[in-house]
Each structure stands twice: as structure tokens, then as C-alpha cells.
Amino acid sequence: MRLSQYPINTVKETPAEAEVTSHQLMLRAGLIRRLAAGIYTWLPLGLRTLRKVERIIREEMDHAGALEVLMPAVQPAELWQESGRWDQYGPELLRLKDRHDRAFVIGPTHEEVITDLARRELKSYRQLPVNFYQIQIKFRDEIRPRFGVMRGREFIMKDAYSFHADEASMAAGYDAMHAAYTRMFTRMGLNFRPVRADTGSIGGSASEEFQVLADSGEDAIAVSDGDDFAANLELAAALPPTQPRPAASAPMATVSTPKTRTIAEVSALLGVPPERCLKTLIVDGDDGGVVALVLRGDHELNAVKAQKLPGIANPLCMATPERVLAATGAEPGSIGPVGLSCRVLADHSALALADFVCGANQRESHLTGVNWVRDLPEAEAADLRNVVNGDPSPSGTGTLTVVRGIEVGHIFQLGRKYSEALKATVLDTAGKPTTLFMGCYGIGVTRVVAAAIEQNHDDKGILWPEPLAPYQVLLITMSPARSEAVRTAGDALYAQLTAAGIEVLYDDRDARPGVKFTDAELLGIPHCVVIGERGLAAGTLEYRHRRTGGNEETPADGILDFLRSRFAPPV
RNA sequence: CGGGGCAUGGCGCAGUCUGGUAGCGCAUCUGGUUUGGGACCAGAGGGUCGUAGGUUCAAAUCCUACUGCCCCGACCA
């Protein structure tokens, strides 16, 4: 493509609406434009990268034996009522009616449609296993779309659904997708980790997320330095301390702690480090009562872990101040586990403390020198907290570090959740109907593009991983309007490279060199060839690589082989 | 949905407190001089100041309602 014929501008100033780097760069480089909140147009340059992501996904899905289909974006409400998700999904599901007043949804996902297809088309165990996938537009009416296409409302997803006669086949299909995903993201040149994940609202048993590692990621991931263990923070288990609880050495005493509400304030006032203070949170139980959750002062409550515990409301709900007062006799800021009549759950690390500080359940008072058993009954032990840097890995090897990630893929073993609801069965070897086992496997295609930029940029612009770059080579002519020789050489080289099957973006604009170079850096095409008069006279071209920088002179007549030697070998 | 903020040429902003001629930079167009790292000079076009009411002799500015967008939280590819 000739840049002189690409009418979209690059932008110098960072648009005010964009917060994260990838969003800013995508707008500045002219990859996307916003139409409404969370809804974007893909411009030619951005679309090329999007298509490259799609192509790699298709190749690896096909290679894994999956079959491509294309399902409708608009789906009848009946299917959602049948699966029960019409009522469960909530306002994120965009519902609409047609002219006959029939209810439809814009599909946020396609379990219902694919399961409907499966129950109609699949009749025998002999047809299994099978994996259908599509690359298609989804709509989720997110509460808060943000970060450009990273969390849009309309987005492109690759979703795949596998069907199996038994659990072992489902597990094998899951493993095959795990391998396919690993190949895809490796081919895309992304630094990623598969991590264990919570199954959330989709349901099912085993589940892993594929996370692109980036500091701006919305997800926290705990990774072990001893082996390949990695888990989403919501799921990463905090092991109980191995050392036994020290013996009590201090008497319990009540101290006045006026105007202190937070652990930090109490800690500062009493001169006791936060890790020797306890914080007590009152949450709703599932029986109408309340439950006290006790954590070490320096630890954070993990809501996903807590709400899975029996007796605790799911989703987790903090008790109202009135209920806290009724249950403890004090307001948040001065509450503690001593003398509570409600059920008390304590995190393992909180239970390992001796001579600790906690709220006294009296206004603006705390207790010091408190000890389990001696001063209050030993609470039920539970894993309630987020792991922190330095915690031992649940895998038993190494210690954990918490890093940030962008979730670009998620794979699930669904079991029979949807096939049961929609009565999707096949005949087994005995000729009896058997309910299908399912797996489902998603990739946020549009999000991959943003994640790739988030992970690959510098202060000047994008640094495309070679397999995702909209073009392989950027060809720049220096002042073509002034030099016919440069212009002719540029046109000829453009034709030559294009004929050789190389994807070339040709900056033939009549713009000053500085403009062209800064745009080159913004756009992030990996390989750049510069044609100028002074090189032309010597029979040389200039080459520079976006990531490594620097200028190299190379003979003009060997440019094709030279470039090919610089291309990254395919993964 | 709860909390906070913003809305003024295509983009980024000032002007709003204290009502009185709509302004700056970038971008765009014309002419000229320039040309290896976002040029310079001269000129030009482009804005119902988010929408609708209200107060006032007079509203971008004060009041009311609404809409859109952004940020923080819970949800997710």
C-alpha cells in the first residue's frame, strides 16, 4: 500500500479519552476509531493486524482438527430461556425485540446456539469427538467498557466448543486446545502464561486462562519461580505457615485508639507492625446471619475464595454498618474476633499469630497481647487471602511472585452443564441416549491486538512482533518530490518486493524526512528500508530494524536476499 | 449500578469563579521559501460553546433537567 493513498492521519497529541498505552497508540497510529463507548471501527492498518491474528488462530484450530462454523450474532430468546441464562445473565446481555415483538439477544457467547446445533446434528457416539469453532462478533453490554478494544462492548472472539461421549475424551480435547493455544500465542510472538483460573459464571470444572504478561494488565497472576505453576490471584492457594504458633508471652490489655480506623493508623499509633494486627471483616452468611472473616493486617481478602466457603453468601457481600454494629457492638474500625457470638473464620496466617492486636468491639478501642485459645476460641481455619510476593508456591516448589496480565484466552471443561439443560444427547454403544460432555475455548481476538501493543512498544510507538505487523517492510523515500531518481527507485523497489510476495508499506508521501521517520516509529513496522539520493549514487540502500534501531548500508541489488535474511524465522 | 470528573472548530486546550467582541497550539487549504529526524513566512477556511428549558437589557459563563464521554469499584475474551 502506498501511504500517499492512505487518507488516515497519524496524530501527534495523545487523545484525552485514552488511558492505556495500547489504546493511545492505536488511535495515534490510525488503527482504530471510536464510534460509541466500547464500539470501534477498524481502519485498514489495524484490520491487517487483526486478520493476521485471525489467520494464526484459524491455522492452529484447523491443525488441531477443529471445524469452522459461523453462527448468528442475533439469537432467539427461547434458547436462553431454555438454558436458564435468560434470567441469570443480567444486564450485560443485550436484549431486543423484532417487529413481531419476538425477543432476541445479541450473542455475548454461543453455548446455547452451538448446543442446539449439536443436539440436532449429532446422533451417534461415532460422530464424536468434534470441535466446532468460529471467529465472530460478540456483544456484551459491559458496565464499564474501557481501554479501547481491550474491553470493548462489541468485540471479535474466537469461540470453540467441543463435544464428547465421556469425561476422558473431554479432558483429551481440552489438552489439545491447551496445546493449540500455546502454539498460537507463541507464533504471535507474545510473552504469555497459561494460568489456573476460576470458572466464574460459565461454570464447569477445569479451567485455564492464557495471560499476556504486561504491567497494565487488569488481572493479577501468581507465578512460581520454582516450576511452571501459575494461577490467577483469585484462585492461587495460600499455604498455611509451616512454623507452629509461638507461645503467648503478653497479657491481653485494652488500649484507647481514638480516631483510628485503618490497620495502618492502628499500627502507627501502637507501634505494632501491620502483620501483627488482625483485621476483621463482617460479611453476610447464606442463612441470613453474618460471618466474621479474620485476616492478618497486611493481607487482603480474596473474595472468590471466601464466597466459595460453605455458609457464606455467594456472591460475597459485606455486611451493612447496622448489621456490623448489631453483631459486634462496635463500628468498623474497632471490631475484632474476641467475644464474638457469630461464626468466626480466620485465615491460616492470622491463626499463626501470637500476642497480636485487634479491635476490641468497643468504640475507638483495640486489644493488645491477644492470643488464640487463651483469650478467644480458636477460629475455624480457612484460606481467605490473596497470596503475596514471597509466599510459597502451592505446587510445593519455589516461591510466588505476583505479576499483571491481560487475559486473551480462556479454556474450560464444561461437563454437562449446557448439554443437560438443552437435552443434547447421542446414542452410545448400547444404543442408549447419553448426555454429551462439552468443553469451550475462547480467545479475545481484538484484545490480542491491544495486548500485543501493550507488551511491545517504546516511547516512540509500536514495536510489532513480526507475525502480527500489518506489513513486513516499510519503504521510505527521502524527498521524492525533489528527486526523480529517488522516486523511480522507490517505485521500482516497491514493485520488486511486492512481486516477491513481501508485504510492503510504501511511504511515498511528499513529506519531510522527520515526519516520515516519526511516523515510521509510531507505526512500528519491523523492517524499514530508506531510499535517499546519497545512497542511490553509491548503489546502496539503508536498512533499520524498528526494535533494534541503528542504520545499516546494504547493496541495492541484493536487497531481497538481505531482507529475507533479516526476517524472523517462522515459529 | 455506586462514587468522582469532563463536554468550547477535526485533535489538544484556555476562557466559566467575577455575565458584555469566542481565543491559543496542532491539523487543513492557498502562495512562497525550504528539505536526512515532527520546517519557516504570508494569507484563508472552519465553532448553534453537548441538548432543552429558565434568570437577565445581555449567557460559553448563573440556575434546572437531560444526554454523551472519561476515571475508580464489582464483571469478563
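**Sheets and helix packing in the predicted model**

The model is predicted. Strand 26 (residues 473–477) pairs with strand 27 in the parallel sense. This pairing runs over 4 bridges. Within it, L475 stands opposite Y506 of strand 27.

Two packed helices are described by the angle between their axes and the distance between the axes. For helix 13 (residues 484–499) and helix 16 (residues 559–566), the angle is about 55° and the axes are 11 Å apart. Helix 13 is therefore oblique to helix 16. The crossing of helix 13 with helix 16 is right-handed. Helix 13 contributes L493, Q496 and L497 to the contact, and helix 16 contributes I559, L560 and L563. By class, this contact has 5 nonpolar residues, 1 polar residue and no charged residues.

Helix 2 (residues 44–63) and helix 12 (residues 445–455) have axes that come within 9 Å. The two axes cross at roughly 115°. This crossing is right-handed. On helix 2, the contact is made by T49, L50, V53, E54 and I57. On helix 12, V445, T446, V448 and V449 take part. The residues of this contact divide into 6 nonpolar, 2 polar and 1 charged.

A further sheet is open and has 3 strands, in the order 13-18-17. Its pairing is antiparallel. Strand pairing in a sheet goes through backbone hydrogen bonds, either parallel or antiparallel. The edge strands are strand 13 (253–256) and strand 17 (356–359). Each of them pairs on one side only. Neighbouring strands of this sheet are turned by 30° against each other on average, direction ignored. Strand 17 is joined to strand 18 (residues 365–370) by 3 bridges, and the two run antiparallel. F356 has V370 in strand 18 as its bridge partner.

One residue was examined individually. A180 is found in helix 6 (residues 167–187). The relative accessible area of A180 is 0%, under the 20% limit, so A180 counts as buried. Leaving aside neighbours within four places in sequence, A180 is in contact with E60 and A64. D62 lies 118 residues from A180 along the chain. The C-alpha atoms of A180 and D62 are separated by 9.6 Å.

Conventions: Residues are numbered from 1 along each chain as its sequence is written. Chains are lettered from A and ligands numbered from 1 in the order in which they are written. This is a predicted model: local features need pLDDT of at least 70, side-chain atom pairs count only at pLDDT 80 or more; totals for chains, interfaces and linings use all residues. Side-chain values use heavy atoms; hydrogens and water are left out. Two strands pair if DSSP finds at least two bridges between them. Axes are lines fitted to C-alpha atoms, for helices over the stretch in contact, and angles run from 0 to 180 degrees between N-to-C directions. A crossing is left-handed if the near helix is turned anticlockwise from the far one by less than a right angle, and right-handed if clockwise. Contact means heavy atoms within 4.5 Å. Ala, Val, Leu, Ile, Met, Phe, Trp, Tyr, Cys and Pro count as nonpolar, Asp, Glu, Lys and Arg as charged, and the others, Gly among them, as polar. Angles under 35 degrees count as roughly parallel, over 145 as roughly antiparallel, 65 to 115 as roughly perpendicular and the rest as oblique. Buried means under 20% relative accessible area, exposed over 50%, partly exposed in between (1.4 Å probe, protein chains only).
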